Amino acid sequence: MADPTISESSAVSAVLRRSFRKLFPAAIRGEGVHVWDSEGKRYLDFSGSAAVNFVGHGVAEISAAMAEQATKLEFVHSSQFTTPVAEKYAEELLEFAGENFRGGSVYFTSGGSESVETALKLARQYQVEIGRARRYRIVSRQQSYHGSTLGALAVSGNKRRREIYLPMVREFEHVGFPYCYRCAYDCKDGCQNCGQQYAEELERAIKATNGEAAAFIFEPVSGATLGGVLPPPGYLRAVAEICLRNGVLLIVDEVMSGMGRTGRNFAVEHWGVAPDILVAAKGLSSGYAPLGAVIASKKVRDAIAAGSGSFIHGFTFNAHPISMAAGRAVLHLIQSRKLVQAADSGQPGSVGEQLRLELDSLRNLPSIGDVRGIGLLWGVEFVADKRSKQPFPPELNFAARVAQAALDRGLLVYPVQGCVDGTSGDHLLIAPPAVVTAEQIAWSVDQLRSAVQESASQ
Ligand SMILES: Cc1ncc(COP(=O)(O)O)c(C=O)c1O
C-alpha cells in the first residue's frame with residue numbers, strides 16, 4: 001500500500017537527499033529489469049540505476065549468499081583477520097581480470113570513489129617502494145569522472161562536480177579527452193588518425209611534471225561525463241606505451257565499464273591494453289552491497305611485498321564479508337548466465353546488438369546529435385541544431401526534461417549535462433542490466449523516442 005509520508009517533498013525529509021527541489025518516488029521492490037515504487041508504479045531500469053545493476057534486480061541466490069554469510073560471520077576487521085570468502089573471491093576476480101593480472105592482488109573497498117583513492121595511493125606507494133619518491137603527480141583527463149571524494153575529484157575533469165570544491169583539492173595535469181563527435185582536432189575522417197595527437201598531449205603533460213608523474217588514470221569508455229564515448233583507433237595503445245616508457249603507472253577506471261558491461265570482462269580488452277592497476281565497482285556487486293575493488297598487477301604487488309611489506313592505507317569496511325559474499329554470487333551469476341556474451345554488441349543475436357540497433361534508430365530525430373557506445377553502455381547526445389551541433393541552452397535542462405518524460409512513461413534513464421564544455425551539452429546514459437530482453441529494449445526505445453519528441457515540442 002502507498003505510504004503517503006515516503007514520497008513527501010524533499011524539503012521536509014529527514015534524509016539529506018540529492019536535491020531539496022525534486023520529488024523522489026520511494027522504491028520498494030525490484031525484479032529483473034523492473035523496479036516498483038510505493039504507489040505501485042513499475043519502472044523499466046534502462047540505465048541500471050547509474051550503470052550499476054548488470055545481473056537484474058531481486059535475484060534470490062545473491063541475497064541468500066549474503067544472508068548465509070551474515071548468519072555465519074558478519075564482520076571482522078582486516079587488520080586482525082582475513083576471511084575465506086574474501087580469499088576465494090580475490091582469486092576468482094584475478095582470474096576474471098585475465099592474464100595481465102596473474103600473480104596480482106585485489107584490495108576491496110566499499111565503492112568507486114574509495115577504490116580510486118586506493119589506486120592513487122597504491123601508485124604513489126609503488127613509486128616510493130621502487131626508489132622514485134619524487135613521483136606523486138597523477139595525470140588524468142578533462143571531461144572525466146573518477147569519484148566524489150577529494151582525491152578522486154582532484155583527478156576528475158567533471159567541471160560541475162568539481163567547481164566549488166576546487167580550493168580544497170590538489171590540482172594535477174589534465175589532458176584532452178578524445179571526443180569524436182566534437183573532436184578538438186576537427187577531424188574530417190571520423191577520428192581515424194587523431195588518437196596519436198591526443199596521446200602526445202599525455203606525453204607532453206608527463207614531461208612537464210619534470211619526473212614527478214606517478215600515474216595516469218583514465219576511463220576506457222566515458223561514463224557519466226560524456227556518455228559512452230569510445231577511444232579513437234590506436235589511442236589507448238599509444239597511451240599505454242607512453243606510460244611504460246616514462247615509468248608512469250597506467251590506472252584504468254572501469255567503475256562503469258567493467259564486469260562485462262561492454263561485452264568483455266573489462267573494457268580495456270577491446271583495445272588490447274594491459275593496465276598496472278584496474279579499478280572496479282558498480283557492476284562488481286550489481287548494487288547488492290556497497291563494493292569496489294582495486295586489482296593490482298604482480299609488478300605493483302611485488303614492489304610493496306618485497307619492499308616495505310605493507311600498504312599504508314585502510315578502510316574499516318575493507319573486504320566486508322557480506323559485500324564479499326554478494327560480489328562472489330554476482331560474479332558466479334555473470335559467468336553461469338553468460339552475461340558478458342549477452343552484453344557484447346558485436347555478437348549477432350545478443351541483447352547488446354539489439355540495443356545498438358534500436359538506439360541507432362533514434363539518430364533520425366532532429367534533436368539527437370549523436371548515439372555512441374558499446375555493449376550495454378551508451379550515450380545519446382541532444383542538440384538544438386543538428387548541422388551546427390549547437391547544444392540546448394543549459395538552463396533548459398533538456399536531458400533532465402527527457403528523463404522526466406521517460407520516467408512518466410515508466411522508463412528510467414540517466415540524464416547528464418555538460419558534455420560540450422563542462423556546462424552546456426545534454427545527454428543520457430543508457431546502461432540496462434544484461435538480463436533485459438529484445439522486447440523490453442524495443443519497448444524502452446519507443447518510450448524514449450516519445451519522451452524526446454515530447455520534450456522537443458515544449
Ligand atoms: C568511472 C567512475 N569512477 C568512479 C566513480 C565513483 O564511484 P562511486 O560513486 O561508487 O564512489 C564513478 C561513479 O559514477 C564512475 O563512473
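Mentor: Start at Y145. One of its backbone N or O atoms lies 3.5 Å from a nitrogen atom of the ligand. Keep in mind that this is a predicted model.

Trainee: Okay. What about D253, how far is its side chain from a ligand nitrogen atom?
Mentor: 2.7 Å, taken from an N or O atom in the D253 side chain to a nitrogen atom of the ligand.

Trainee: And S113, which ligand atom does its side chain sit by?
Mentor: An oxygen atom. A polar side-chain atom of S113 is 2.6 Å from that oxygen.

Trainee: How much of the ligand does the protein bury?
Mentor: 83% of the 390 Å² that the ligand exposes when taken alone.

Trainee: Which residues surround the ligand?
Mentor: Going up the numbering: G111, G112, S113, Y145, H146, G147, E219, D253, V255, M256 and K282.

Trainee: How does that shell split by class?
Mentor: Five residues are polar, three are nonpolar and three are charged.

Trainee: Switching to helices. How do α13 and α14 pack?
Mentor: At an angle of about 130 degrees, with 8 Å between their axes. α13 covers residues 398-408 and α14 covers residues 438-456.

Trainee: Left-handed or right-handed crossing for α13 and α14?
Mentor: Right-handed.

Trainee: α14 has another partner, α12. What's the angle there?
Mentor: About 20 degrees, and the axes are 10 Å apart. α12 is residues 351-360.

Trainee: So are α12 and α14 parallel or antiparallel?
Mentor: Roughly parallel, because angles under 35 degrees count that way. α12 also passes α14 in a right-handed crossing.

Trainee: Last pair. How do α2 and α10 pack?
Mentor: α2, residues 60-72, and α10, residues 321-336, pack at about 150 degrees. Their axes are 8 Å apart.

Trainee: Why is that pair roughly antiparallel?
Mentor: Because the cut-off is over 145 degrees, α2 and α10 qualify as roughly antiparallel. The crossing of α2 and α10 is right-handed.

Methods
Residues numbered from 1 in each chain as written. Predicted model: local features only at pLDDT ≥ 70, side-chain atom pairs only at ≥ 80, totals over all residues. Heavy atoms only, no water. Near = heavy atom within 4 Å. Polar contact = N/O pair within 3.5 Å; in protein donor to acceptor, adjacent residues only side chain to side chain. Areas by Shrake-Rupley, 256 points an atom, 1.4 Å probe, with all protein chains shown as cover. Nonpolar A, V, L, I, M, F, W, Y, C, P; charged D, E, K, R; others polar. Axes fitted to C-alpha atoms, helices over the stretch in contact; angles between N-to-C directions. Helix = DSSP H or I, 4+ residues; strand = E, 2+ residues; numbered from the N terminus. Left-handed = near helix turned anticlockwise from the far one by under 90°. Parallel < 35°, antiparallel > 145°, perpendicular 65-115°, else oblique.
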